[in-house]
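Reader: I would like the helix packing in this model explained, with each term set against its definition.

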Amino acid sequence: RMAAAPSSLAATLAPTGSLDGATCHAACVSVFVPACDLLTQVLRTRKEEMRRSAALIVASCAALLDALRAWHEASVALRRKGDDEKQNEKKRRLTNATDDSWESIASACRRGGAALACVYEEACSSGLNRYCAHLLADAVTCVCGGDAGVGPFAAASLKPGMFALIDACGDRELGQIHFSFGSQAGGARRVALAALIEEHKRAHKYDGKV
């Protein structure tokens with residue numbers, strides 16, 4: 001049940017309707033980060049049970065990624081609204097409020113991405129094996145989604161966890177992910193995966209990792 005908990009919190013993490021900075025910040029602090037902490041803890045302390053519930057972990061992480069995507073979508077909408085308002089000096093106060101709300105969402109995306117990265121790292125340490133490839137594929141899909149993805153702030157925070165997933169995947173698994181993305185709609189995901197692997201190699205060039 002603990003492994004599946006985040007999947008049942010979708011409405012709380014990203015409620016339907018217009019999202020603002022206060023809503024995203026509250027969801028991040030009170031729900032998203034504690035959910036990630038819970039997943040990290042159960043992966044650390046209940047390794048055997050979690051290996052049998054690996055599919056639930058993957059589904060929960062996907063639900064958390066969906067929340068980050070919804071927050072980024074809200075930030076994109078706010079940025080566009082702010083740009084429109086700046087064209088009218090009479091709306092300067094409203095523009096400032098919009099900017100503050102955008103900054104709150106950006107902060108939530110950073111913090112949420114960092115918390116989810118910890119889950120990825122613990123998943124690798126817990127020996128989820130082939131399920132790490134599923135986690136990596138989902139993360140890459142969301143990172144390269146543009147306005148429909150998790151956005152640059154969450155993507156940057158997720159990188160340490162994604163690097164850990166790359167470490168956990170062998171060449172065969174990485175090749176399977178690349179193949180599963182396809183050559184048309186998945187072209188951007190293939191490029192993003194290749195770039196991430198190359199960045200991972202550069203980052204670990206001098207620290208003894210292979």
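Reader: Why are α7 and α9 called roughly perpendicular to each other?
Author: In this predicted model, the axes of α7 and α9 lie 10 Å apart at an angle of about 90°. Angles of 65 to 115 degrees count as roughly perpendicular, under 35 as roughly parallel, over 145 as roughly antiparallel and the rest as oblique, so α7 and α9 are roughly perpendicular. Axes are lines fitted to C-alpha atoms, for helices over the stretch in contact, with angles from 0 to 180 degrees between N-to-C directions. Helices are DSSP runs of H or I, at least four residues, numbered from the N terminus.

Reader: Which residues in α7 and α9 meet?
Author: K159, M162, F163, I166 and D167 in α7 meet L196, I197, E199 and H200 in α9, contact being heavy atoms within 4.5 Å.

Reader: What makes α8 roughly antiparallel to α9?
Author: The axes of α8 (residues 171-180) and α9 (residues 187-203) cross at roughly 155° and come within 9 Å. That angle makes α8 roughly antiparallel to α9. On the α8 side the contact involves L174, I177, H178 and F179, and on the α9 side R190, L193 and I197.

Reader: How confident is the prediction, and where is confidence lowest and highest?
Author: The mean pLDDT (the predictor's confidence in each residue, from 0 to 100) is 83, and 79% of the residues score at least 70. Confidence is lowest in α1 (residues 10-13), at a mean of 72, and highest in α7 (residues 151-168), at 95.

Author: Local features need pLDDT of at least 70, side-chain atom pairs count only at pLDDT 80 or more, and totals for chains, interfaces and linings use all residues. Residues are numbered from 1 along each chain as its sequence is written, and side-chain values use heavy atoms, leaving out hydrogens and water.

Conventions: Helix = DSSP H or I, 4+ residues; strand = E, 2+ residues; numbered from the N terminus.
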